[in-house]
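This report looks at charged side-chain pairs. The sequence and structure come first.

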Amino acid sequence: MSEHMKLFEVFLRSKRGLDHKHVGSLHAEDPQQALEYARDIYTRRSEGVSIWVVNSTDIVASQEDDCESFYDPQDDKPYRHATHYQLPEAVNNM
Amino acid sequence: MSREKTQAELEAQFQAKIDAEEKIEPKDWMPEKYRLNVLRQMSQHAHSEVIGMQPEGNWITRAPTLHRKCVLLAKVQDEGGHGLYLYSAAETLGTSREEMNEALHSGRAKYASIFNYPAITWADMGAIGWLVDGAAIVNQVSLQRTSYGPYSRGMVRICKEESFHQRQGYHIMMVLMRGSDAQKQMAQDALNRFWWPSMMMFGPHDAESAHSAQSMKWKIKRQSNDELRQKFVDQSVAQAEEIGLVIPDPDLKWNEERGHYDFGEIDWEEFNQVISGNGPCNRQRLAHHVKAEEEGEWVRDAMAAYETKKRQRSAKAAA
């Protein structure tokens, strides 16, 4: 069995001014090829004005299972939210 | 046959993009003056966030309750975060963090002059949140539509987080205004000292603003200094009245015809003194920033040394 080519993650900017958003992944020999494949696979209907491809192995990700310890103690800081402050009705649109 | 586009063609194309409300992204061609103009504004904005941590940081250990202390810590932490968003966005224009810091330390880069005023009472934490963050929000809401993509996206993120800053400040003022006479006086005194410097945050009058016309044409700025200042005055009057504070401007008056408040003239001599380095705290703010940079060096060195060691270890393990 032959080995798969390298895996790349694909990010698209749908419109100028917006962030690139992850849309999927693909296999390619090198970044240039990945870019062309991404164009053929992910933007057949003008979904993007700009494509980023990134080696999947270069992505470092946090684990959802570790959420509790990773984000602790951010959940018990309600005062970071605007709604925490009760203001008079007349100025509440601040 | 394709040929290289001329400078004039490139510039016309660039302006057409801007006129069509399209954003400029880091890898796009842009006039060098546009790049420098956005960079100047973003670095000034980033420096303001970071220098702005000082007057409030000064009160963290002296906040009147544990709750207020938590709130203040969270706010100052946000300001540091906002500085980071902006520095990173500015770096997409091909400058480095070191260059920006160096420009700040040498005085070539500015930050908002408001942070050169001291925060001498607890009520100042209220006035700063309510007015200084309030003024910043007016400016930043407008900048969400700025033409440089990374700057615009940074502003969207910052505005989302900023609302709590203003509300906690107003809340401090509100509670003081429900308190003893001394507390009311303290709140009014903070308003008296911070009102005019907050008004100055919007910069010189449109006619006198050095970068304004070009910045508006390139849509780096979307509304003029005077428009934004008016908006700030209009929203602040009702907020002050609601809790019994008096804005220290004898010329402040509703103008039925304009549908806006008229207000008095800023002391431009003071404004010029403060932006040219002679405000009450300019030297102190910069000296503190330099000191923090120097005293943090051993941490950066230690991190680099640790990285090197880790790499050597894994190379050894692989061998």
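## A pair in chain B

B:Asp262 is partly exposed, at 27% relative accessible area. (Buried means under 20%, exposed over 50%, and partly exposed in between, with a 1.4 Å probe and protein chains only.) B:Asp262 meets B:Arg258 in a salt bridge, 2.8 Å from N to O. Here a salt bridge is a side-chain nitrogen of Lys or Arg within 4 Å of a carboxyl oxygen of Asp or Glu. B:Arg258 is also partly exposed, at 41% relative accessibility.

## Basis of the model

The model is predicted: local features need pLDDT of at least 70, side-chain atom pairs count only at pLDDT 80 or more, and totals for chains, interfaces and linings use all residues. Residues are numbered from 1 along each chain as its sequence is written, chains are lettered from A in the order written, and side-chain values use heavy atoms, without hydrogens and water.

Shared partners join several salt bridges into one network: A:Arg13, A:Asp19, B:Glu25, B:Arg153 and B:Arg157. Over all chains, the structure holds 22 salt bridges.

## A link across the sequence

B:Glu21 pairs with B:Arg222; their closest N and O atoms are 2.9 Å apart. B:Glu21 sits in the loop between helix H1 (7–19) and helix H2 (32–51) of chain B, and B:Arg222 in the loop between helix H9 (212–217) and helix H10 (225–242), so the pair ties together parts 201 residues apart in sequence. Helices are DSSP runs (H or I, at least four residues), numbered from the N terminus. B:Arg222 is buried at 15% relative accessibility. B:Glu21 is partly exposed at 41%.

## Another pair

B:Arg108 and B:Glu102 form a salt bridge at 2.5 Å, N to O. B:Arg108 is exposed at 58% relative accessibility, while B:Glu102 is partly exposed at 43%.

Notes: Helices (H or I, at least four residues) and strands (E, at least two) are DSSP runs, numbered from the N terminus.
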